[in-house]
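Student: Before we look at anything in detail, could you show me how to read a few local features of a protein model, one at a time?

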Protein chains: 2
Amino acid sequence: MDFFYTNLIYLIPVFGLVGIAVMAIKAAWVVKQDAGDGDMAQLAGYIADGAMAFLRAEWKILSYFVVIAGLLLAYSGTTVATSSPVIAISFVVGAFLSAFAGFLGMRIATKANVRTTQAARTSLAQALKVSFTGGTVMGLGVAGLAIIGLGSLFIVFYTIYVKNTGGDVNGDAMAKALDVLAGFSLGAESIALFARVGGGIYTKAADVGADLVGKVEAGIPEDDVRNPATIADNVGDNVGDVAGMGADLFGSYVATMLATMVLGREIVSHDSFGGIAPVLLPMVIAGLGLIFSIVGAAFVKISKETDSVQRALNIGNWASIILTAIATFFLVNWMLPADIFHMKRDELGGGMLKGGSIEFTRGDVFGAIVVGLVVGTLMSMITEYYTAMGKRPVLGIIRQSSTGHATNIIAGLAVGMESTVLPILVLASGIYGSYHFAGLYGVAIAAAGMMATTAMQLSIDAFGPIADNAGGIAEMSRLPEEVRHRTDNLDAVGNTTAATGKGFAIASAALTSLALFAAFVGVAGIEHIDIYKADVLAGLFVGGMIPFIFSALAISAVGRAAMAMVEEVRRQFREIPGIMEYKAKPEYEKCVAISTKASIREMVAPGLIALITPIIVGFIFGPEVLGGVLAGVTVSGVLMGIFQSNAGGAWDNAKKSFEKGVEINGEMYYKKSEPHKASVTGDTVGDPFKDTSGPSMNILIKLMSIVSLVIAPHLQKDVSSSPRLQREIHTQSMIAPVTKPVNKI
Amino acid sequence: MDFFYTNLIYLIPVFGLVGIAVMAIKAAWVVKQDAGDGDMAQLAGYIADGAMAFLRAEWKILSYFVVIAGLLLAYSGTTVATSSPVIAISFVVGAFLSAFAGFLGMRIATKANVRTTQAARTSLAQALKVSFTGGTVMGLGVAGLAIIGLGSLFIVFYTIYVKNTGGDVNGDAMAKALDVLAGFSLGAESIALFARVGGGIYTKAADVGADLVGKVEAGIPEDDVRNPATIADNVGDNVGDVAGMGADLFGSYVATMLATMVLGREIVSHDSFGGIAPVLLPMVIAGLGLIFSIVGAAFVKISKETDSVQRALNIGNWASIILTAIATFFLVNWMLPADIFHMKRDELGGGMLKGGSIEFTRGDVFGAIVVGLVVGTLMSMITEYYTAMGKRPVLGIIRQSSTGHATNIIAGLAVGMESTVLPILVLASGIYGSYHFAGLYGVAIAAAGMMATTAMQLSIDAFGPIADNAGGIAEMSRLPEEVRHRTDNLDAVGNTTAATGKGFAIASAALTSLALFAAFVGVAGIEHIDIYKADVLAGLFVGGMIPFIFSALAISAVGRAAMAMVEEVRRQFREIPGIMEYKAKPEYEKCVAISTKASIREMVAPGLIALITPIIVGFIFGPEVLGGVLAGVTVSGVLMGIFQSNAGGAWDNAKKSFEKGVEINGEMYYKKSEPHKASVTGDTVGDPFKDTSGPSMNILIKLMSIVSLVIAPHLQKDVSSSPRLQREIHTQSMIAPVTKPVNKI
């Protein structure tokens with residue numbers, strides 16, 4: 001055991017290396033599979049080329065951003081704090097690893113799609129194997145690279161700032177190490193902004209643009225190879241659902257670990273790891289979760305055509321969660337001392353526990369982790385209920401489609417708003433419960449527990465768009481009925497996992513933001529965030545408003561970007577003769593470039609709001625007002641995220657229900673019926689809701705929190721922009737009791 | 001002057017009596033006007049009967065509610081505090097006066113409508129005079145009865161609890177007097193819940209129901225007398241826009257005065273009014289505002305046909321605001337002592353100023369009032385920009401209508417979300433600015449200043465639906481072109497005032513809630529509302545969610561109630577022969593009853609949420625968590641209110657723009673074009689947004705705040721639902737500094 005006590009810190013990146021090794025094996029296996037015949041391979045090639053074109057264009061812009069932001073971080077660092085130039089390195093590494101994980105995942109996803117189609121010619125079991133293995137490459141890549149990056153940087157910074165200086169593991173030395181480590185999380189979340197928000201705008205711009213010109217103007221079917229935007233549309237699925245979701249969860253995964261580590265520093269622990277067990281714990285839990293995600297993935301298989309694909313995924317998911325939970329129980333008991341912890345916020349300056357401490361046992365820490373696992377599971381289940389076919393919410397939208405477009409929209413908006421209730425109650429109970437167990441460290445470790453099996457969650461998420469693309473390729477290549485039946489089966493399951501994955505992503509963003517929020521308050525060294533103060537309350541209002549303007553910008557951006565796409569497609573039809581006769585290949589990459597450029601241009605405004613607001617508020621009004629803004633943006637962002645994602649998901653499945661036929665007041669309605677047309681309107685409104693503005697709320701709330709955490713050490717605690725407030729402070733001690741006035745009239 | 005120093009308190013109700021006297025003269029004048037010939041009078045009679053039928057049905061339910069709630073208040077009062085049985089009387093008086101003001105206003109509005117039509121046969125000037133005078137009856141009735149009620153009850157409670165006991169005007173005696181006075185505000189706001197939420201459901205249920213069966217199924221035009229629901233539809237305009245808005249503003253008006261009085265108690269003032277000048281000030285300002293509203297109303301007139309009606313209303317509005325502001329300047333200088341105030345929250349226990357005081361001059365108090373006036377004006381102007389024809393937001397929706405229903409909806413939702421930005425910045429600046437001037441008393445008195453000219457605001461608001469009804473009657477009676485041209489002119493202005501009125505109502509609700517929030521914290525005696533505490537943060541999330549479920553319920557209720565209306569209309573068409581041939585009169589009152597019953601049944605669930613949530617949270621989790629819930633509900637409610645009201649208003653005017661024809665990409669589009677059809681979808685979605693769920697946010701946030709204020713004295717400060725939290729408190733003083741662990745690996 002002594003070996004582990006001394007070297008655990010060095011073993012953490014090894015977990016990540018194991019994940020990457022397994023990922024490499026799986027990626028190689030996918031690539032080795034049969035990619036099918038000429039037609040299929042060519043279609044898949046277009047999609048893969050389009051995806052790479054997107055990545056190249058994105059990286060070009062990203063590299064400018066990373067260099068500028070890195071220089072700003074380094075420069076501002078030298079003026080306000082000695083440690084901060086290093087933070088720029090941390091930032092660049094985080095940005096690079098997140099982008100690299102996205103590259104790996106999308107690269108394999110765009111190979112797995114056509115190989116899934118080909119496998120579906122043999123059996124459903126084989127098709128599931130190829131598509132799910134493709135998904136695990138994204139899952140393992142994200143988790144593996146995150147652990148390697150965070151773990152390695154922690155070793156470096158811990159060695160430099162704490163070990164080599166003999167600094168206090170509960171004091172400033174460790175605070176400095178974690179402060180520069182926060183740059184890694186900032187880098188990761190910045191890439192997520194581009195991937196999730198930009199990707200969300202991209203995919204819906206391509207989707208809407210392709211439909212408007214192709215289906216409406218040119219009269220060719222959806223997914224027709226003659227449409228220059230059709231490849232962009234298919235690329236969009238990968239960009240949004242694979243890379244976007246991956247970057248989102250990469251960010252949450254890293255940020256929860258980081259926030260728990262920051263709060264863990266404040267715990268005085270008499271453990272065998274030199275007192276840093278509470279800091280190491282979240283990374284080790286993540287490492288175990290990665291290992292058990294690999295184990296769980298092995299359970300995802302079926303043998304007969306009639307076996308349930310959903311059940312196979314569920315078994316794999318539950319296996320990884322339960323095994324991780326059991327392993328975590330033993331881990332906590334091994335790493336943490338049996339006796340009670342003391343969190344001594346008073347000596348560290350600030351926090352709600354000023355003048356006091358909080359005690360908890362290692363059992364309490366495990367309790368908080370269980371709370372996190374339960375919250376994540378419930379959030380996914382609730383999301384599924386509100387967006388699933390055949391359940392009350394979607395059935396209500398179907399029924400209200402019979403009286404027209406407007407009532408369909410009203411029903412969907414009402415479902416979206418209603419769907420916030422249970423998730424918020426679960427979340428509020430989760431905050432209350434995890435705090436009950438282990439204070440603010442409990443809230444953070446609950447988030448870390450929930451995120452432990454990120455590799456598995458993301459594998460299941462990425463399986464969806466692969467299966468979706470596989471179905472599209474099968475349809476475009478006119479493969480036999482039984483092949484399309486198999487891919488449809490996988491695609492249907494993918495729709496469900498997409499919905500539950502969104503619930504998980506929102507829950508993770510919410511808990512991550514809360515953990516970051518708690519870490520921010522600790523690092524900023526403020527005592528309260530008192531909304532009874534007028535300026536903090538004003539901050540709460542401003543924060544609450546930001547998700548509304550962010551959503552408005554994202555939604556409008558889709559409209560504008562779709563228009564740019566429409567013009568490019570019209571130009572190609574006009575200027576390239578022979579497209580309609582299959583004699584000339586459309587310039588797919590031009591559409592991809594248009595969509596990419598438009599999406600990246602359109603996300604500048606919302607991105608700047610998220611990045612700059614905390615800096616302006618923090619430096620002008622101080623950390624307490626910034627805390628008010630963060631609370632406002634988190635509450636409002638979670639609500640708007642759930643509202644928009646679930647409304648969009650419900651509209652989508654209401655529309656899909658018409659494909660099999662639905663019964664309204666005793667009559668059957670199918671595709672092309674009036675109620676179906678109304679449901680298509682709802683689905684189109686829901687598209688930017690569920691794939692652009694809704695999921696971008698995750699990034700917004702996390703990014704604003706992580707920016708705040710990074711600037712927290714440099715904020716002045718007593719900011720008084722108003723002379724009157726200074727006078728108040730001045731007069732606090734000098735006012736003598738006043739004589740009571742006569743109280744008669 | 002001595003007379004005034006001694007008797008000012010008794011003069012306050014006199015302001016109200018003056019208002020009621022002028023109202024009576026104006027009402028008599030309206031009734032005296034020519035009600036036109038047979039057809040017109042009959043139509044107006046149906047509408048007036050329908051309105052009374054609604055009131056009777058509403059009052060029946062209301063009387064149960066008032067008796068039960070009154071008994072609960074009285075009973076719970078005897079168990080927790082000696083003063084509280086009296087609060088039940090206060091509650092009943094508030095409920096009665098609010099209902100009575102609604103009765104008076106609607107009664108005259110339903111007489112003024114047809115008389116406006118008749119006057120329009122003569123001249124535009126005369127038509128404006130009749131319709132605006134009808135509106136002033138509502139305005140003066142609301143303001144007059146509110147001042148009489150609040151002023152008289154204050155005299156009674158002040159005499160009983162303070163004067164006769166020789167109690168401290170800054171201490172418990174005055175606190176008790178104001179505590180029971182809060183019942184008046186609770187009663188008024190409860191009626192507002194029924195009038196605004198129920199009325200909102202009513203008017204849209206009737207509107208949608210009448211359209212679906214009449215226009216779609218029976219093929220008869222809108223506003224056709226053969227449609228049994230058409231009267232309910234016209235009644236709905238009065239119910240929603242006259243009575244609903246009136247009750248809303250009655251509630252805000254009373255609540256701002258009350259909250260300022262509660263905070264004024266905490267000010268130690270060496271004035272000539274026995275130290276209660278800060279408590280009396282808001283009521284006297286309201287009295288002056290009422291007088292100058294009467295003066296301002298005299299400016300609302302035109303002489304020529306070509307004169308601008310909007311300009312006449314603006315002149316009247318500005319006259320009353322400016323005169324009130326000038327008078328308030330002298331009033332503040334006369335009532336408040338020149339020297340500095342001391343607000344001594346420490347002795348009163350609690351508040352952000354614990355251990356300190358805040359100083360401000362009478363000039364600062366006037367500054368805060370000016371802030372309130374500016375906030376109200378800006379909010380109205382911003383609302384107008386976002387909902388007016390010819391401005392960028394509405395033009396954007398029109399342009400996006402050209403690509404279909406879905407893009408129209410997306411554009412409207414984006415406009416609604418974007419429209420939250422400026423109002424929130426204005427509101428946040430207002431909070432910051434008024435607090436800067438005079439602390440929390442400043443925030444409250446700013447709200448009181450803004451509400452001072454409520455009589456004028458409401459007169460202009462109520463003018464709108466009267467003109468709208470007048471136009472409808474003119475159209476149904478097929479009066480000459482020039483008459484309808486005049487009523488159209490008035491109606492167009494009414495649409496603008498409806499939009500600005502909504503902006504004012506939201507601003508007033510927001511500032512009122514903040515004032516009540518500040519008063520709640522003071523009365524509850526808590527020191528902070530610290531969102532860094534896990535339970536308070538959980539409360540913030542739950543509070544933020546409530547406007548979403550409230551909106552979802554309100555929106556769904558409109559759908560269900562409209563369906564009930566549809567069935568009743570179908571039944572009448574089936575069972576009453578001769579309706580379609582004008583041979584039999586439809587049973588209008590049955591539709592009115594259906595709509596009323598449905599609306600009142602449907603508002604029980606949202607109403608209970610608003611009433612019961614604060615009670616449950618307050619007694620189980622304590623006042624600080626309740627403070628978190630209130631902050632959450634206020635921020636989220638203001639945002640959702642602005643979002644929904646402005647989206648609805650913008651959709652409405654986008655649709656209206658097609659009536660005159662709009663140009664999209666160089667082509668002209670009119671009614672019945674495809675873009676127009678898309679704009680109708682947006683308008684239908686916007687109907688419940690702008691007339692049901694949006695405005696009901698005002699009531700939600702005020703009602704939850706006032707319930708909290710009423711229960712505040714009975715809440716235990718140190719609620720510990722969790723044994724762990726008790727342990728924390730216990731261990732705060734007993735933990736010794738811990739020895740630092742070895743920090744080597």
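This is a predicted model: local features need pLDDT of at least 70, side-chain atom pairs count only at pLDDT 80 or more; totals for chains, interfaces and linings use all residues.

Student: How should I read a pair of aromatic rings, and how many aromatic pairs does the structure hold over all chains?

Tutor: In general, a pair of aromatic rings is described by the distance of the centres and the angle of the planes. Over all chains, the structure holds 40 aromatic pairs. One of them joins F4(A) and W334(A), whose ring centres are 6.3 Å apart and whose planes stand at 85° to each other, an arrangement that is edge-to-face.

Student: Which helices of chain A do F4(A) and W334(A) lie in?

Tutor: F4(A) belongs to helix α1 (residues 2-32) and W334(A) to helix α8 (residues 309-335), both of chain A, so the pair ties together parts that are 330 residues apart in sequence. F4(A) is partly exposed, with a relative accessible area of 36%, and W334(A) is likewise partly exposed, at 25%. These two residues, together with F3(A) and F273(A), form one aromatic cluster.

Student: What kind of aromatic pair do F157(A) and Y161(A) form?

Tutor: That pair is tilted, with 6.3 Å from centre to centre and 40° between the planes. Here both residues sit in helix α4 (residues 124-163) of chain A, where they are 4 residues apart, about one turn of the helix.

Student: How should I judge the span of a helix, for instance that of α7 (residues 277-298) in chain B?

Tutor: The general idea is to set the distance from the first C-alpha to the last against the span expected at 1.5 Å a residue. Helix α7 of chain B has 22 residues and reaches 31 Å, which is close to the expected 32 Å. Of those 22 residues, 19 are buried, so α7(B) is largely enclosed by the rest of the structure.

Student: Where are the residues that have a positive phi although they are not glycines, Y582(A) and R478(B)?

Tutor: Y582(A), with a phi of about 65°, is found in the loop of chain A between α16 (534-575) and α17 (588-602). R478(B), with a phi of about 50°, lies in the loop of chain B between α14 (454-476) and α15 (481-524).

Student: Is Y582(A) buried or exposed, and what about R478(B)?

Tutor: Y582(A) is exposed, at a relative accessible area of 51%, and R478(B) is exposed too, at 65%.

Student: Which residues make the nonpolar surface patch of about 490 Å²?

Tutor: A patch is read by asking which side chains contribute to it, and in this case they are V604(A), L608(A), I612(A), I616(A), I620(A) and F621(A). V604(A) lies in helix α18 (residues 604-621) of chain A, and its relative accessibility of 44% makes it partly exposed.

Student: How far apart are the C-alpha atoms of V92(B) and L514(B)?

Tutor: They are separated by 25 Å, while the two residues are 422 residues apart along the chain. V92(B) lies in helix α3 (residues 84-119) of chain B and counts as partly exposed, at 38% relative accessibility.

Notes:
Residues are numbered from 1 along each chain as its sequence is written. Chains are lettered from A and ligands numbered from 1 in the order in which they are written. Side-chain values use heavy atoms; hydrogens and water are left out. Patches are made of residues with over 30% relative accessible area and no salt bridge: like charges are joined within 9 Å, nonpolar side chains (Val, Leu, Ile, Met, Phe, Trp, Tyr) within 5 Å. Accessible areas come from the Shrake-Rupley method with a 1.4 Å probe; for residues, only the protein chains shown count as cover. A salt bridge is a side-chain nitrogen of Lys or Arg within 4 Å of a carboxyl oxygen of Asp or Glu. Helices (H or I, at least four residues) and strands (E, at least two) are DSSP runs, numbered from the N terminus. Buried means under 20% relative accessible area, exposed over 50%, partly exposed in between (1.4 Å probe, protein chains only). Rings of Phe, Tyr and Trp (its six-membered ring) pair if their centres lie within 6.5 Å; planes under 30 degrees apart count as stacked, over 60 as edge-to-face and the rest as tilted. The expected span of a helix is 1.5 Å times one less than its number of residues.
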